[in-house]
Amino acid sequence: MATYISSNQNRFYSALEASYGQAAPITASNRYPAVHLQAHQSVERAQRRDKTGSRTFMGTPATARRATVFQTQTYVTAWSGAGQPGYGPLVQGAMGGDPQTSTGLVVASASNDSMLQTTTPHGLLTGCAVSYNNEIRFVTAVPSLNSVVLNAPFSTLPAAGIQLASTVSYRLATELPSLTLYDYWDPLNAVSRIVTGAAVDVFGVAVNGDFHELQFSGPACDLVDSASFQAGVAGLSAYPMEPALSNFNFTVVPGNLGQVWLGADLTQFFTLTAAATAIKNNIDLRNLEFGSSYPLSMTPGPRQVSSAFTVLAQDDAQTEALYTAAKDRTLTSAMLQLGQQQGQLMGIYLASVTPEIPIYNDSETRLQWEFKNNLAQGVNDDEIYIAFA
């Protein structure tokens, strides 16, 4: 007997496509724990101007142009240290660069000025992350094959012989890959969906809620479903079966845990009450050409990296320095560490950002300064770095 479908009986997968709009294969490791996946396809309704002798709507051709959009939301969750997180392809879709993994590095020496030396060549690039003792830091300079300079010191200097934790880092690139998103449902005869050619136009991170939240949205090529599937769509000969389920870690990082470092000389702040970071890629679709009802490709436009944060106002030097930097339009740096336990860390580093003059929020018992729409800048794909550890 037919029954209602529980919205909790839902599993999501993401994978990078080799060709735009051609469904990418997935394995159990591509699964990510989403709150939801919204996908919508609409048909272009052109206005008929011929004289039909009636005021009645004559309908829209079935082969009219189609527009597809998606939006998915997930939480920062635990990572095993192998490969990349399940939502890693989505992060790469927003950033563009291939993920850079680091594992097994052993410390030769460390100093208070954020210099770190390794016993073997580290293979790290500017913007890659290292992690130790439940903290994550980013490389700002690479003096030699065995040494790096970090954006901020660790709270506890790692001793010689200590092995650093595994990290996976994401860097920006000029071009962006497209993605395939899978949306499987129970029972098995329920309608499942595939979003092909998904392009991450907006990637947002929200901090200090119940949980740290990640949001991805943008246009897509097509929305394929198991009910109306026909062989050849999205390069598929048959609708793909869901991979065999494996162990899946649903551990979620509490939104109140982490660190924040701000200022021209990065200083740790303990008064942050809210923060958000967003990447907007201004995606342009190739969807107006004669001969196709679906987009043929996508191209990213000028990138915009913005941040917003709120701090409790204090009469100390580091808080006042933020206001001065905003007033004088001084470039500063910002780093967010989400989480405070190894295997549950996410890092966001903006090397050059100009804070806007804060808005005074005096509606609560404590005065808060709201710094909104602070734009990051750079030279060549270096506005923001993201990593997990």
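Colleague: Which residue in β10 stands opposite L116?

Modeller: V148 in β10 is the one facing L116. Bear in mind that the model is predicted, with pLDDT of at least 70 required for local features and 80 or more for side-chain atom pairs, while totals for chains, interfaces and linings use all residues. Numbering starts from 1 along each chain as its sequence is written, and side-chain values use heavy atoms, without hydrogens or water.

Colleague: How many bridges join β7 to β10 there?

Modeller: Three, and β7 runs antiparallel to β10 (residues 147–150). Strands here are DSSP E runs of at least two residues, numbered from the N terminus, and a pair needs at least two DSSP bridges.

Colleague: What's the strand order in the sheet with β7 and β10?

Modeller: The order is β6-β7-β10-β9-β8, an open sheet of five strands with antiparallel pairing. β6 (107–110) and β8 (129–132) sit at the edges with a single partner strand each, so one side of each has no neighbour in the sheet.

Colleague: What holds β6 to β7?

Modeller: Three bridges again, with β6 and β7 (residues 115–118) antiparallel. In that pair, V107 stands opposite T118 in β7. The hairpin of β6 and β7 has four residues between the strands, and S114 takes a positive phi near 75°.

Colleague: OK, new topic. How many cavities of 30 Å³ or more are there?

Modeller: Two by this rule. On a 1 Å grid over the protein atoms alone, a cavity is a set of points where a 1.4 Å probe fits but cannot get out, and lining residues have an atom within 4 Å of a point. Points join across faces, edges and corners, and the volume is the space filled by probe spheres set on them.

Colleague: Which residues line the second largest cavity?

Modeller: That lining is A110, S111, S114, M115, L116, L150, P153, F154, L157 and P158.

Colleague: What about the largest cavity, how much space lies in it?

Modeller: About 160 Å³. It is lined by 22 residues, with L262, S307, F309, A334 and V353 closest to the centre. The elements giving two or more residues are β17 (258–263), β19 (272–280), β22 (304–312), β23 (332–338) and β24 (346–354).

Colleague: Which of those gives the most?

Modeller: β23, with five residues. By class, the lining of this largest cavity has 15 nonpolar, seven polar and no charged residues.

Colleague: Now the open sites. Which residues are closest to the centre of the largest pocket?

Modeller: S29, R31, Q84, G86 and F248, out of 22 lining residues. A pocket is an open set with protein on both sides within 12 Å along at least five of seven lines. The space in this largest one is about 450 Å³, and its lining has eleven nonpolar residues, ten polar and one charged.

Colleague: How much space lies in the second largest pocket?

Modeller: About 280 Å³. Its lining has 19 residues, and those nearest the centre are D222, L223, V224, V233 and Y294. Strand β16 (residues 222–225) gives the largest share, four residues. The classes here are ten nonpolar, six polar and three charged.

Colleague: Where does β16 sit in its sheet, then, at an edge or in the middle?

Modeller: At an edge: both β16 and β2 (31–32) pair on one side only. That open sheet has five strands in the order β2-β1-β12-β13-β16, with antiparallel pairing.

Colleague: Last one. How many bridges do β12 and β13 pair over?

Modeller: Four, between β12 (residues 179–185) and β13 (residues 193–198), in the antiparallel sense. In that pair, L181 stands opposite V195 in β13.

Technical notes:
Ala, Val, Leu, Ile, Met, Phe, Trp, Tyr, Cys and Pro count as nonpolar, Asp, Glu, Lys and Arg as charged, and the others, Gly among them, as polar.
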